[in-house]
Amino acid sequence: RAAAENTRLVVEFTGSTWCPPCKALHAEVLTSAEFKAWAQDKVLVMLDFPRAGERTPEKVAANPELAKLMKLKDEFGVSGFPTLFVFDPAGRPLGKQVGYGRGQGPAAYLKQLGVD
């Protein structure tokens with residue numbers, strides 16, 4: 001969709017129900033007016049992961065959707081949650097931010113992401 005619309009793609013790898021930094025990023029940045037204004041012309045994708053105990057090799061093998069998520073995590077080299085990527089319309093990486101420091105706020109987070 002991002003390529004078709006000639007816009008940036010923003011991909012968030014998160015553990016929205018169990019990861020404290022993910023919850024803080026959502027509450028303090030991703031739902032802020034500043035982030036929403038920045039993201040209004042971008043395609044946003046959230047890839048939500050279960051707890052580590054729910055991502056065992058046996059559970060991944062038994063669940064095709066979870067297997068797809070884990071494959072994406074490996075392909076993108078995601079080592080921690082949250083991780084946010086920004087890609088240009090051709091799929092080239094423009095920015096990556098791993099983790100979130102509570103209280104960092106939208107402006108500082110977007111600056112660290114390295115995209116305007």
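Here, buried means under 20% relative accessible area, exposed means over 50%, and partly exposed lies in between (1.4 Å probe, protein chains only). The model on your screen is predicted: local features need pLDDT of at least 70, side-chain atom pairs count only at pLDDT 80 or more, and totals for chains, interfaces and linings use all residues. Residues are numbered from 1 along each chain as its sequence is written, and side-chain values use heavy atoms, with hydrogens and water left out.

Start with the whole chain in cartoon view. You will find six helices and four strands, where helices (H or I, at least four residues) and strands (E, at least two) are DSSP runs numbered from the N terminus. Trace them from the N terminus and the order reads α-β-α-α-β-α-α-β-β-α. Along the principal axes, the C-alpha atoms fill a box of roughly 40 × 35 × 20 Å. Colour by accessibility next: buried residues make up 41% of the 116 residues.

Now on to the salt bridges, each a side-chain nitrogen of Lys or Arg within 4 Å of a carboxyl oxygen of Asp or Glu.

- Select Asp41 and Lys42: their closest N and O atoms are 3.0 Å apart. Asp41 is partly exposed at 47%, while Lys42 is buried at 12%.
- Select Asp88 and Arg92: here the closest N and O atoms are 2.8 Å apart. Asp88 is buried at 12%, whereas Arg92 is exposed at 53%.
- Select Arg1 and Glu5, bridged with the closest N and O atoms 2.9 Å apart. Arg1 is exposed at 64%, and Glu5 is partly exposed at 45%.
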